[in-house]
Amino acid sequence: MLWLGFGLSACSPFEQLKKNGTIPEKQAKALEYYEKKEYVKAQQLFEDLASSVNFGTKDGELVLYYQAMTNYQLKDYILAAYQFRSFYRRYPLSEHAEECAYMSAYCHYLESPPYSLDQTDTRDAITEFTFFIKQFPKSPRVPECNKLVDKLYDKLELKDYEIARQYYRIYDYKAAIASFENLLREFPDSKHREEVTYLMARSNYLLAINSIQAKAEERAQKAVDSCKKFLAIYKDSEYETEVKGVQRDAERLLERLARDKKASQ
């Protein structure tokens with residue numbers, strides 16, 4: 001019995017509060033820890049409270065809000081995003097509703113990885129920011145949301161651009177053309193548009209000279225058309241000389257293909 005009594009007395013005040021504290025006591029101390037930036041202790045108490053309070057009450061609203069904010073401060077952005085989203089869905093009329101809708105998106109933004117990795121969180125962030133802007137069009141946070149969305153789209157664009165360039169570098173011109181076309185379809189205002197248009201023309205020509213005769217003519221003609229379109233759009237381009245060279249070579253290929261076709265008849 002003496003040993004048991006010693007063991008109980010050895011518990012820290014924090015552990016005693018976790019085990020035996022009332023809901024008001026835990027809530028008050030959790031808020032105190034949060035204000036002191038002792039987020040690990042605050043998180044543990046809010047976690048305990050989340051399993052005890054009724055989320056249909058003011059106490060439940062407070063606990064869920066600070067639970068999300070504490071996990072955000074601890075940089076657990078995936079869990080925080082989920083909790084911020086849950087808060088907004090549970091309490092759409094709360095004074096914290098707008099903030100939580102924004103924070104859900106912002107947490108996904110913070111989780112968005114380098115462009116070379118999987119971009120699920122990037123797309124989730126765009127979806128969440130778009131939702132926020134639609135729900136709160138007059139919010140002062142909207143300009144910041146638009147800036148962050150632009151950054152996220154830039155990352156997606158860069159990923160598609162590098163994938164297409166990689167196909168081009170490994171001589172998979174058919175895949176490169178499809179990827180370049182997809183890039184321009186998804187990002188019509190791409191800052192890489194001029195270079196991509198040039199590379200598409202070159203890819204069509206390089207694909208043509210490595211194709212069977214039945215397909216070479218169509219692909220060579222696409223190369224010529226692409227070059228003409230490029231030269232009409234981009235005046236004084238740094239790629240002008242290369243594009244004219246591709247057009248000349250593609251037209252010569254078309255002439256040769258026409259002669260071969262006539263000779264075989």
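The following exercises, each with a worked solution, concern a predicted model of a single protein chain.

**Exercise 1. Fold and overall dimensions**

Determine which secondary structure elements the chain has, and compare its radius of gyration with that of a compact globule.

Solution. Begin with the elements: the chain contains 13 helices and 0 strands, so that the pattern read along the sequence is α-α-α-α-α-α-α-α-α-α-α-α-α.

**Exercise 2. Interior and surface**

Identify the residues with the most contacts inside the largest nonpolar core, and describe the burial and surface of the chain.

Solution. The largest nonpolar core comprises 78 residues, and those with the most contacts inside it are Phe 84, Phe 129 and Phe 180. Taking Phe 129 as an example, and setting aside residues up to four places away in sequence, one finds that its contacts include Tyr 102, Tyr 106 and Tyr 109 as well as Cys 145, Leu 148 and Leu 152. For the chain as a whole, 45% of the 265 residues are buried, while the accessible surface amounts to about 15700 Å², with 52% of it belonging to carbon and sulfur atoms. As for charge, there are 40 positive and 41 negative side chains, and the centres of these two sets lie 4 Å apart.

**Exercise 3. The setting of Lys 174**

Is Lys 174 buried or exposed, and which residues does Lys 174 contact beyond its neighbours within four places in sequence?

Solution. First locate the residue: Lys 174 belongs to helix α10, which covers residues 173–186. Its relative accessibility is 56%, and because the cut-off for exposed is over 50%, Lys 174 counts as exposed. Beyond its neighbours within four places in sequence, Lys 174 is in contact with Leu 207 and Arg 219. By comparison, Ala 258 lies 84 residues from Lys 174 along the chain, and the two C-alpha atoms are separated by 23 Å.

**Exercise 4. Positive phi in two loops**

Find the loops in which Lys 75 and Asp 236 are placed, and examine their phi values and accessibility.

Solution. Lys 75 sits in the loop between α5 (58–73) and α6 (77–90), and its phi is near 65°, a positive value in a residue other than glycine. With a relative accessible area of 57%, Lys 75 is exposed. Turning to Asp 236, this residue lies in the loop between α12 (213–233) and α13 (240–263), and it has a positive phi of about 55° although it is not a glycine. Asp 236 counts as exposed, its relative accessibility being 73%.

Note on methods
Residues are numbered from 1 along each chain as its sequence is written. This is a predicted model: local features need pLDDT of at least 70, side-chain atom pairs count only at pLDDT 80 or more; totals for chains, interfaces and linings use all residues. Side-chain values use heavy atoms; hydrogens and water are left out. A nonpolar core is a set of buried Ala, Val, Leu, Ile, Met, Phe, Trp, Tyr and Cys residues joined through side-chain atoms within 4.5 Å. Buried means under 20% relative accessible area, exposed over 50%, partly exposed in between (1.4 Å probe, protein chains only). Contact means heavy atoms within 4.5 Å. Helices (H or I, at least four residues) and strands (E, at least two) are DSSP runs, numbered from the N terminus. The radius of gyration is taken over C-alpha atoms; the globule rule is 2.2 Å times the number of residues to the power 0.38. Accessible areas come from the Shrake-Rupley method with a 1.4 Å probe; for residues, only the protein chains shown count as cover. Lys and Arg count as positive and Asp and Glu as negative; His and the chain ends are not counted. The place of a charge is taken as NZ of Lys, CZ of Arg, CG of Asp or CD of Glu.
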